[in-house]
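I opened the file to look up strand pairing and helix packing. My notes follow in the order I checked things.

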Amino acid sequence: MNIQLLGTSGCHLCDEAEHIVARALKGHNIEQVENNDYQLIDIMDNDALYDEYQLTIPTIIITNNQNNIKLLWPFTLEEVLHAFSIATNR
């Protein structure tokens, strides 16, 4: 499972989303996530991402071999946990 949290610095909603993802990882018993599996991506560093997500950050993108799940803000801990369940086939 690969998790990308799209946001930017100084975004208080992005900080809240990061906290939700951390709680979801712990709640889903995913204690350790490799650096390549969880990425915080600043959309200001990529023009294409900025153009696509400037109005919808924070956004979580969860992918695995079979699924590509995108959660746009606002999302809840329960929604993130559900997306993790789908992505990990639990």
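Which residue in β2 is the bridge partner of G7? I looked it up and found D42.

Entry on confidence. The model is predicted. I read a mean pLDDT of 91 for the chain, with 92% of its residues at 70 or more. Among the elements, I noted the highest mean pLDDT, 98, for helix α2 (residues 47–53). The lowest, 92, belongs to helix α3 (residues 77–88).

Entry on β1. I counted the pairings of β1 next. Five bridges join β1 to strand β2 (residues 38–42), and these two run parallel. β1 and β3 are also joined by five bridges, but they run antiparallel. On that side I noted T59 of β3 as the bridge partner of L6. I then checked burial: β1 is largely enclosed by the rest of the structure, because five of its six residues are buried.

Entry on α3. I took the span from first C-alpha to last and got 16 Å for twelve residues, close to the 16 Å expected at 1.5 Å a residue. I listed its buried residues as L77, V80, A83, F84 and A87. Viewed down the helix axis, they fall within an arc of 125 degrees, so they line one face of α3. I found the exposed residues E78 and H82 on the face turned away from the buried side.

What do the buried residues of α3 pack against? I found β1 (2–7), α1 (12–27), β3 (59–63) and β4 (68–72). Last, I looked past the end of α3: N89 follows, and its phi is positive, near 55 degrees.

Conventions. Residues are numbered from 1 along each chain as its sequence is written. This is a predicted model: local features need pLDDT of at least 70, side-chain atom pairs count only at pLDDT 80 or more; totals for chains, interfaces and linings use all residues. Side-chain values use heavy atoms; hydrogens and water are left out. pLDDT is the predictor's confidence in each residue, from 0 to 100. Helices (H or I, at least four residues) and strands (E, at least two) are DSSP runs, numbered from the N terminus. The expected span of a helix is 1.5 Å times one less than its number of residues. Buried means under 20% relative accessible area, exposed over 50%, partly exposed in between (1.4 Å probe, protein chains only). The arc is that of the directions from the helix axis to the C-beta atoms. Contact means heavy atoms within 4.5 Å. Two strands pair if DSSP finds at least two bridges between them.
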